[in-house]
Amino acid sequence: MPGPDTETGTRREPSPGNGGAGAADDSKEMASGLDALESGNEAPRPLHRRLLPRVGPPLLAIVVVLVVWQVLATLGRPATLPSPGAVWGELAEAHRQGDLLPAIGHSLLRCVIGFGAAAAIGLPLGLLLTRVAVMRTVLRPILTAVQSLPAAALVPVAVLALGNSEGAVYAVVLLGAVPSIAVTVASAVDQLPPLLLRAGRSMGAEGVRGAALITVPAAMPGFIAALRQGWTFGWRALMTAELITATPLPGLGEMLAEGNRAGSMSLVLASVSLILVVGVVVESALFRPLERRVLTGRGLATG
């Protein structure tokens, strides 16, 4: 409210072009700031600033490994260690002969089929372990024991049961992935807050309805972790089966076995590098974004 002038006793009015406009500008600035806080939107960062934190550390790690590898190969320790250039030459030769891409494709296709079947079995099996007391008491210890077995111990069992065939390879993938998925799903459901489940039951969400509306959405991060771990176990089991089985099957495991038979350390390391790269690419391109999306939707991670 305008006050009186100290010298003349008259009342001062705010200047039309000064105080009033300044107060209005301050109000607009405060309102826009509050809107920005409520919306939670930040100014988009440049592309290179968004990619550098994600791409920089892996590239730096690769450079360090290659430098150390080259130094060890130059020093001849161990004497059988080939240089990175020799390993790259093996990959280039396999590509020129037309063996590289089919080997990757065959192995990926087998793992995708086996993993899909393992997920279709392991996810509902994990839910049943938490719902049926008999299955929880009898079957869960068996699944945990099978999960601890190395894949190399599963190959003879599958070969004796199904013969030297591609079916034996799929059986090894299932035996490696299903227990891991089922046990991880059961653990994720066991960790749900009991209050949440009781609240669902009080609103009539019981049985299949409760599982679909309460249990599965609440345990979704655990489900993603189960699929992620199941893929890892399945991929390892597949490589072991392709390597050990007596019937040659085109794939990265057979490529590794061929390098072993030929005594070629370059081909062996080239095969191991491909197996590692495929596993990291699938993890980074599929499971990590899916997990981040689920966690972000629940406020457990930033977008």
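Start with helix 12, residues 265-297. It has 33 residues, and at 1.5 Å a residue it should span 48 Å; its end C-alpha atoms are 47 Å apart, which agrees. The expected span is 1.5 Å times one less than the number of residues. Helices here are DSSP runs of H or I, at least four residues, numbered from the N terminus.

Helix 12 also has a kink of about 35°, centred on Ser-284. The bend at a residue is the angle between axes fitted to the seven residues ending there and the seven starting there.

This is a predicted model: local features need pLDDT of at least 70, side-chain atom pairs count only at pLDDT 80 or more, and totals for chains, interfaces and linings use all residues. Numbering runs from 1 along each chain as its sequence is written, and side-chain values use heavy atoms, with hydrogens and water left out.

Now confidence. pLDDT is the predictor's confidence in each residue, from 0 to 100. The protein chain has a mean of 81, and 81% of its residues reach 70 or more. Helix 4 is highest, at 92, and helix 1 (residues 19-39) is lowest, at a mean of 52. Two stretches stay under 50. For residues 5-12, the model has 13 contacts beyond four places in sequence. For residues 36-40, it has one. Contact means heavy atoms within 4.5 Å.

On a 1 Å grid over the protein atoms alone, a cavity is a set of points where a 1.4 Å probe fits but cannot get out; a pocket is an open set with protein on both sides within 12 Å along at least five of seven lines; lining residues have an atom within 4 Å of a point.

The second largest pocket holds about 270 Å³. It has 14 lining residues, and the closest to its centre are Ala-94, Gln-97, Asp-99, Met-255 and Glu-258. Helix 3 (84-96), helix 4 (100-131) and helix 11 (252-262) each give two or more residues to that lining. By class, the lining of this pocket is six nonpolar, three polar and five charged.

How many cavities of 30 Å³ or more does the structure hold? One. The largest cavity has about 30 Å³ of space. Its lining is Val-155, Val-159, Ser-165, Ala-168, Val-169, Val-172, Ala-241 and Thr-245. Helix 6 (151-162) and helix 7 (166-190) each give two or more of these. Helix 7 has the largest share, three residues. Six lining residues of the cavity are nonpolar, two are polar and none is charged.

How values were computed:
Grid points are joined across faces, edges and corners, and a volume is the space filled by probe spheres set on the points. Ala, Val, Leu, Ile, Met, Phe, Trp, Tyr, Cys and Pro count as nonpolar, Asp, Glu, Lys and Arg as charged, and the others, Gly among them, as polar.
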